[in-house]
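Good morning, and thank you for coming.

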Amino acid sequence: MKRNIVIAAVTAAALIGGGTATALATTGDDEGSARQAATPRSAGDDARDDQDDADDRDDRDDDAARAASTDISAREAIAAALKHTSGTAVSAELDDEDDGGKVVWKVDVLSGDSTWRSVSVDPAGGKVLGAQSDDEDDTARVRAALKGSSVTAEEAAKAVAGKGVVTSVDLDEDGEDRSWEAETRTPGGAEQDWKIDLKTGKITQDRSDAQDDDTEDQD
């Protein structure tokens, strides 16, 4: 009843004033429903999401192009780094050097008890471009993870090469499930993550990363 009176009063006022009036009449239940209503997405939100998706695709395409243009494999880059700097290779990654656009292999080598060296290797010819000292605070964990292992980073890279172009190999020294982790890319740009057992060399797909990617795609 009160709603009808309010609407009638507003309508009358609009007619008398010669203008236009808009009334929103709600009951207590309507107010509760309004408060619970979700804020609608704007066209700007959709546009930003589309742009983010396009940027992600561009990044994947760039990574795939870099991987495809590499003449020196991860295994060969590790071998070149170890020839230059003796020690144990702990990781190798195809990356931009200092964000300058030049792509190089970066191989981290643990020499002696606690000396870390980051060796840059030219992916076109395998030439060592330089090496510099690194400060790492996980040396003890790395040593503990590698103790008793029989599969090196070079062997892990070779083992997983059949899955695609290897763009990185890294030691996962945390937790009980210690292993080599490798990332590969197919000619189409698809990225996959793998685990290589430190003792047997057995390869398994990293399901946790695959599930994370699926979740991000659904969002």
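Let me begin with how axes and angles are defined: an axis is a line fitted to C-alpha atoms, for helices over the stretch in contact, and angles between N-to-C directions run from 0 to 180 degrees. Helices (H or I, at least four residues) and strands (E, at least two) are DSSP runs numbered from the N terminus. This is a predicted model, in which local features need pLDDT of at least 70 and side-chain atom pairs count only at pLDDT 80 or more, while totals for chains, interfaces and linings use all residues. Residues are numbered from 1 along each chain as its sequence is written, and side-chain values use heavy atoms, with hydrogens and water left out.

First, the helix pair. Two packed helices are described by the angle between their axes and the distance between the axes. Here helix 4, residues 74–84, packs with helix 6, residues 153–160, at an angle of about 165 degrees, and their axes are 8 Å apart. That makes helix 4 roughly antiparallel to helix 6, a label given to angles over 145 degrees. The crossing of these two helices is left-handed, meaning that the near helix is turned anticlockwise from the far one by less than a right angle.

Which residues of helix 4 and helix 6 meet? On the side of helix 4 they are A74, R75, I78, A79 and L82, and on the side of helix 6 they are A153, E154, A157 and K158; contact here means heavy atoms within 4.5 Å. The residues of this contact divide into 6 nonpolar, no polar and 3 charged. In this scheme Ala, Val, Leu, Ile, Met, Phe, Trp, Tyr, Cys and Pro count as nonpolar, Asp, Glu, Lys and Arg as charged, and the others, Gly among them, as polar.

I turn now to the salt bridges. A salt bridge is a side-chain nitrogen of Lys or Arg within 4 Å of a carboxyl oxygen of Asp or Glu, and by this rule the count comes to 5. One of them joins E173 to R141, with the closest N and O atoms 3.9 Å apart. This pair links distant parts of the chain, 32 residues apart: E173 is in the loop between strand 5 (165–172) and strand 6 (179–185), and R141 is in helix 5, residues 139–146. E173 is buried at 10% relative accessible area, whereas R141 is partly exposed at 41%; buried means under 20%, exposed over 50%, and partly exposed in between, with a 1.4 Å probe and protein chains only. R141, E173 and D174 are linked in a network of salt bridges.

A second bridge joins K195 and E181, at 3.0 Å from N to O. K195 lies in strand 7 (residues 191–197) and E181 in strand 6, so the pair ties together parts 14 residues apart in sequence. K195 is buried, at 15%, and E181 is partly exposed, at 27%. Another bridge, between E191 and R185, has an N to O distance of 2.8 Å. R185 is buried, at 4%, while E191 is partly exposed, at 34%.

Finally, two single residues. S114, in the loop between strand 2 (103–111) and strand 3 (115–121), is exposed at 53%. Its C-alpha atom is separated by 9.1 Å from that of D135, 21 residues apart along the chain. Q205, in strand 8 (residues 203–205), is partly exposed at 27%. The C-alpha atoms of Q205 and Q192, 13 residues apart along the chain, are separated by 7.7 Å.

Terms used. Parallel < 35°, antiparallel > 145°, perpendicular 65-115°, else oblique.
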